[in-house]
Amino acid sequence: MTETLPTDAVGGDAVRGDGLRRGRPGYDQRGILEVAVAAFNEHGYDATSIGMLAARLGLSKSAIYHHVASKDELLALALDEALDGLEGVLRSSEATEGPAATRLAAVLRGAVHVLAERKPYVTLLLRVRGNTEVERAALARRRAFDRAVADLVAEAQAEGALRTDADPVVVARLLFGTINSLTEWYDPSGPVAPDTLADVILAFAL
């Protein structure tokens, strides 16, 4: 006989006989986050409510609050997903060893991969405007990333690998302006692989 589990009155999750909560299949924190990011990108963060997310998920609002404390926490988790990926590229061995131009190329290639693998999250990051504490913290991290790239550009210029008649900050912004534009048209599941796309970008940029 199939065991029937009573439903938790608050979260809507099943409760096992030993009193431990068993989350609904498919609706763990990660699943909720993915739906939230899609809604934030579609409607904007401010216009998306927990009630809207609950309707999309087919859950009660209290079931969502079982996994996250607030809508702000969902935003923070989403922005961390994008920023952790980009910062991880800067910390990779390819980006910390060797000539500056080689390290810069590794950062650009890595950023293309992060965008391809985490496109909804990067898209959301590019749309934040600093309206909340969570957004301001994310923008501070993004500015630190931009400064690190500009420093790499300056090093590559000093080594003679890049032309020196452009400000490193401007060059860094132009390079990442190109990469960030991929959120508008690039389909990671399409025929162009991230490495192929990175090859084209590097050929034009460097």
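Arg 141 and Glu 87 form a salt bridge, with their closest N and O atoms 2.7 Å apart. Here a salt bridge is a side-chain nitrogen of Lys or Arg within 4 Å of a carboxyl oxygen of Asp or Glu. The pair links distant parts of the chain, since Arg 141 sits in helix α8 and Glu 87 in helix α4, 54 residues apart. (Helices are DSSP runs of H or I with at least four residues, strands are runs of E with at least two, and both are numbered from the N terminus.)

Before going further, please keep in mind that this is a predicted model, in which local features need pLDDT of at least 70 and side-chain atom pairs count only at pLDDT 80 or more, while totals for chains, interfaces and linings use all residues. Residues are numbered from 1 along each chain as its sequence is written, and side-chain values use heavy atoms, with hydrogens and water left out.

Arg 141 also meets Asp 84 in a salt bridge, at 2.8 Å from N to O. Arg 141 lies in helix α8 (residues 133-158) and Asp 84 in helix α4 (residues 71-91), so this pair ties together parts that are 57 residues apart in sequence. How exposed are the two partners? Arg 141 counts as partly exposed at 24% relative accessibility, and Asp 84 counts as partly exposed at 39%. The cut-offs are under 20% relative accessible area for buried, over 50% for exposed, and in between for partly exposed, with a 1.4 Å probe and protein chains only.

Another salt bridge joins Arg 109 to Asp 195, with the closest N and O atoms 3.0 Å apart. Because Arg 109 lies in helix α6 (residues 100-117) and Asp 195 in helix α11 (residues 194-205), the pair ties together parts 86 residues apart in sequence. Arg 109 is partly exposed at 25% relative accessibility, and Asp 195 is partly exposed at 39%. A search of the whole structure finds twelve salt bridges. Salt bridges also link Arg 30, Glu 34, Glu 81 and Arg 118 in a network.

Now to helix packing. Two packed helices are described by the angle between their axes and the distance between the axes. For helix α1 (residues 29-43) and helix α7 (residues 119-127), the axes come within 10 Å and cross at roughly 45°. That makes α1 oblique to α7. Axes are lines fitted to C-alpha atoms, for helices over the stretch in contact, and angles run from 0 to 180 degrees between N-to-C directions; under 35 degrees counts as roughly parallel, over 145 as roughly antiparallel, 65 to 115 as roughly perpendicular and the rest as oblique.

On the α1 side, the contact (heavy atoms within 4.5 Å) is made by Arg 30, Leu 33, Glu 34, Val 37, Phe 40 and Asn 41, and on the α7 side by Pro 120, Tyr 121, Thr 123, Leu 124 and Arg 127.

Finally, look at two buried residues. Ala 82 lies in helix α4 and is buried, with a relative accessible area of 0%. Leaving aside residues up to four places away in sequence, Ala 82 touches Val 114, Tyr 121, Val 122 and Leu 125. The C-alpha atoms of Ala 82 and Leu 126 are separated by 9.7 Å, although the two residues are 44 residues apart along the chain. Asn 180, found in helix α9 (residues 168-180), is buried with a relative accessible area of 19%.
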